[in-house]
Amino acid sequence: MIELQHLEKRYGDAFAVRDLNLVFPAGELTALLGPSGCGKTTTLRMINRLIEPTGGRVLLGGRDTRDFRPEELRRGIGYVIQQIGLFPHLSVAQNVATVPELLGWDRRRTARRVDELLELVGLDPAVYRIKKPAELSGGQAQRVGVARALAADPPVLLMDEPFGALDPLARDHLQEAFREIQRRLNKTVVLVTHDIDEALRLGDRIALMQAGSLAQFGSPDDLIHRPAGPFVRQFLGEDAALRQLAGRIAAEFVRPGDPSGLPVIEGTLDARSALGVMLREGTDALAVKRDGLFLGVLRWEELRTQEARA
């Protein structure tokens, strides 16, 4: 869906991004991960031409983005930022409807889409449709930002540190909500983050950047168990395998067993949190359910085996 070919951005003699070659697979979430100043946000903004490259090119569906008018390009790409950027004088519904109205959708179709998206991000349309941004919590406002980015059903979604300004609890809840949304919609998502846990939790693939260049590109498992060099190993840290469990849900690790007398968790809980429940409850096994149905038993040794693979 998105391909970067020898992409670069220079400011005078200094490179923010240097000779970057990268393919973002269609229908997957790729996390652009790295320390501050490594070029990840610059890379993201070159995709929708908020920043113009000084070399190389960006292909969107095989077409050079320079062949699009900037406004045409951006209307076809959802964009979510940390500061949210909701229009304070407009209602939630009007904020979500911004792009459909620019595209000339009729009022009835737009209203249906607004309600559909508010439900998708976990906000009751009857309650939130008429609210102003000032009446929302940070997490609620960020959900509206995601809904607005999805309003015209763009195939590509760019997200720049979208959950970074939230408190840890709100961030966890919104990450989980977004993971469920992505499972349903299969958008091509590029997510900029400096948070390793977030990249491991949400990313189908991770592009780890270092000083404007690509250090390694692959699945979370690739980076953890097959690091391309010392920088990758050092950046992810010695506890990378345990941290990876935060990116996988408990339901992935269940096995047949008798749930009698075991503490019960939801299958959507991340596996690292499931380890925490075991420690808190003093047990080596949990019964796992989803939507009220018993899925199986999650055992301590299964999760510890995953961690030990590193």
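How many nonpolar, polar and charged residues are in the lining of the largest cavity? The points below start there.

1. **The cavity lining by class.** Six nonpolar residues and one charged residue make up the lining of the largest cavity, with no polar ones. Please keep in mind that this is a predicted model.

2. **The cavity itself.** A search of the whole structure turns up one cavity of 30 Å³ or more. The largest cavity has a volume of about 30 Å³. Its lining consists of Val 121, Arg 143, Val 146, Leu 174, Ala 177, Phe 178 and Ile 181.

3. **Where that lining comes from.** Two helices each give at least two residues to the lining of the largest cavity: H7 (138-150) and H8 (168-185). H8 has the largest share, with four residues.

4. **The largest pocket.** This pocket holds about 480 Å³ of space. Its lining has 21 residues. Those nearest its centre are Arg 74, Ile 77, Tyr 79, Val 99 and Arg 148. By class, the lining of the largest pocket counts 12 nonpolar, five polar and four charged residues.

5. **Which elements build the pocket.** At least two lining residues each come from helix H2 (70-75), strand S6 (77-81), helix H4 (98-102) and H7. The largest share, four residues, belongs to S6. Helix H7 also supplies at least two residues to the lining of the largest cavity.

6. **Helix H13, buried side.** H13 spans residues 271-281. Ala 271, Ala 274, Leu 275, Val 277 and Met 278 are buried in this helix. Viewed down the axis of H13, these buried residues fall within an arc of 155°, so they line one face of the helix.

7. **Helix H13, other side and ends.** Leu 279 and Arg 280 are exposed on the other side of H13. At the start of the helix, a side-chain oxygen of Asp 270 comes to within 3.1 Å of the backbone nitrogen of Arg 272. After H13 comes Gly 282, with a positive phi near 65°.

8. Most residues other than glycine have a negative phi. Asp 19 has a positive phi, near 45°. Arg 49 also has a positive value, near 65°.

9. Asp 19 sits in strand S2 (residues 14-24). Its relative accessibility is 44%, so Asp 19 counts as partly exposed. Arg 49 lies in the loop between helix H1 (40-47) and strand S4 (55-60). Is Arg 49 buried or exposed? Arg 49 is buried, because its relative accessible area is 13%, and the cut-off for buried is under 20%.

10. **Asp 195 and its loop.** Asp 195 is placed in the loop between strand S8 (188-193) and helix H9 (196-202). This residue is partly exposed, with a relative accessible area of 25%. The side chain of Asp 195 reaches the backbone nitrogen of Asp 197 at 2.9 Å.

11. **Asp 195 and the rest of the chain.** Which residues does Asp 195 contact, leaving aside its neighbours within four places in sequence? They are Leu 33 and Arg 171. Tyr 11 is 184 residues from Asp 195 along the chain, and the C-alpha atoms of the two are separated by 26 Å.

Notes: Residues are numbered from 1 along each chain as its sequence is written. This is a predicted model: local features need pLDDT of at least 70, side-chain atom pairs count only at pLDDT 80 or more; totals for chains, interfaces and linings use all residues. Side-chain values use heavy atoms; hydrogens and water are left out. On a 1 Å grid over the protein atoms alone, a cavity is a set of points where a 1.4 Å probe fits but cannot get out, and a pocket is an open set with protein on both sides within 12 Å along at least five of seven lines; lining residues have an atom within 4 Å of a point. Grid points are joined across faces, edges and corners, and a volume is the space filled by probe spheres set on the points. Ala, Val, Leu, Ile, Met, Phe, Trp, Tyr, Cys and Pro count as nonpolar, Asp, Glu, Lys and Arg as charged, and the others, Gly among them, as polar. Buried means under 20% relative accessible area, exposed over 50%, partly exposed in between (1.4 Å probe, protein chains only). The arc is that of the directions from the helix axis to the C-beta atoms. A polar contact is a pair of N or O atoms within 3.5 Å; within protein, one must be able to donate a hydrogen and the other to accept it, and residues adjacent in sequence count only if both atoms are side-chain atoms. Contact means heavy atoms within 4.5 Å.
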